[in-house]
Every structure is written in structure tokens, then in C-alpha cells.
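Me: I would like to go through this structure with you, one topic at a time. Shall we begin with how the helices pack?

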Amino acid sequence: MLGASARAIARTGKFNQASIYYHFGSINEAVLAGLTHMSEERLARYEKRLAEVTSLSALVEVGAELHQEDVASGTIHILSQVMAAAARAEALA
């Protein structure tokens, strides 16, 4: 899945790799939990920013800003990687 390994994830997060299996059961489940968390944060940010929109031009501006934030943060890259992996892994689809 995504070239991810428990060892690489644990090393990046500075925790024991067994924690992944203890808390999530599998790497796929850990990735899905992370994706869910990321999506919930994005939705809250989008809702807050879009609540301020009062015109079409403001909508375009806010949409562009949100997109730029997602690109800069790596969110778009993460989502595209998970979607690509989902084509090969039924558990992610």
C-alpha cells in the first residue's frame, strides 16, 4: 500500500511499529484512519472559510486559496496516492 511500511511510519512518527498493528490492525487501516482525520480537518476548515463567502468572486478566491493550501501542505499528493493505491487494494477502495 503506497509503499508504506510499519517501520517507515513508526520511524517518521517516532513510535514503536507494533503500535500500528495494536491500534489499527493493519497499515491500510492506519492510513484510512489518518485520511479520515485529515478529511475531517479539511472539511472543518472549508466550512469555516466558505461560511464567509457572500459573492461568486469571493467563492472563486476562497476556493483558490483552499486549493493552494492543500497543495502546499501535501494533502493533494496524499489523496492522489491513496486513490492510486485504492485501484490495487480493495481494502482501500
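Me: Which residues of α3 meet α4, and which residues of α4 do they meet?
Reply: This is a predicted model. In it, α3 contributes R42, R45, Y46, R49 and L50. Their counterparts in α4 are L59, V62, E65, L66, E69 and D70.

Me: Buried, exposed or partly exposed?
Reply: E69 counts as partly exposed, because its relative accessibility is 32%.

Me: How far is E69 from A91 in sequence and in space?
Reply: E69 and A91 are 22 residues apart in sequence, and their C-alpha atoms are 29 Å apart in space.

Me: Let us turn to α5. How do the axes of α3 and α5 cross?
Reply: Helix α5 spans residues 75–86, and its axis comes within 12 Å of that of α3. The two axes cross at roughly 140°, and α3 and α5 are therefore oblique to each other. The crossing of α3 and α5 is left-handed.

Me: Which residues make that contact?
Reply: On the α3 side they are V31, L35, M38 and R42. On the α5 side they are T75, I78, L79 and V82. The residues of the contact of α3 with α5 divide into six nonpolar, one polar and one charged.

Me: R42 has come up with both partners. What does it contact beyond its sequence neighbours?
Reply: R42, which has its place in helix α3, is in contact with D70, T75 and L79 once neighbours within four places in sequence are set aside.

Me: Is R42 buried or exposed?
Reply: R42 is buried, because its relative accessible area is 17% and the cut-off for buried is under 20%.

Me: What about G34, also in that helix?
Reply: G34 is found in helix α3 and counts as partly exposed at 39% relative accessibility.

Me: Changing topic: which residue other than glycine has a positive phi?
Reply: K14 has a phi near 60°, a positive value in a residue other than glycine. Most residues other than glycine have a negative phi, and most peptide bonds are trans.

Me: Where does K14 sit, and how accessible is it?
Reply: K14 is in the loop between α1 (6–13) and α2 (18–24). K14 is exposed, since its relative accessible area is 75%.

Me: Now the whole chain. How many helices and strands are there?
Reply: The protein chain has five helices and zero strands, and along the sequence the pattern reads α-α-α-α-α.

Me: What is the radius of gyration, against that of a compact globule?
Reply: The protein chain has a radius of gyration of 16 Å, whereas a compact globule of 93 residues would have one near 12 Å. Along the principal axes, the C-alpha atoms fill a box of roughly 50 × 30 × 20 Å.

Me: What share of the residues is buried?
Reply: Of the 93 residues of the protein chain, 24% count as buried.

Me: And what share of the contacts joins residues at least 24 apart?
Reply: That share is 42%, taken among contacts between residues at least 6 apart in sequence.

Note on methods
Residues are numbered from 1 along each chain as its sequence is written. This is a predicted model: local features need pLDDT of at least 70, side-chain atom pairs count only at pLDDT 80 or more; totals for chains, interfaces and linings use all residues. Side-chain values use heavy atoms; hydrogens and water are left out. Contact means heavy atoms within 4.5 Å. Helices (H or I, at least four residues) and strands (E, at least two) are DSSP runs, numbered from the N terminus. The radius of gyration is taken over C-alpha atoms; the globule rule is 2.2 Å times the number of residues to the power 0.38. Buried means under 20% relative accessible area, exposed over 50%, partly exposed in between (1.4 Å probe, protein chains only). Axes are lines fitted to C-alpha atoms, for helices over the stretch in contact, and angles run from 0 to 180 degrees between N-to-C directions. Angles under 35 degrees count as roughly parallel, over 145 as roughly antiparallel, 65 to 115 as roughly perpendicular and the rest as oblique. A crossing is left-handed if the near helix is turned anticlockwise from the far one by less than a right angle, and right-handed if clockwise. Ala, Val, Leu, Ile, Met, Phe, Trp, Tyr, Cys and Pro count as nonpolar, Asp, Glu, Lys and Arg as charged, and the others, Gly among them, as polar.
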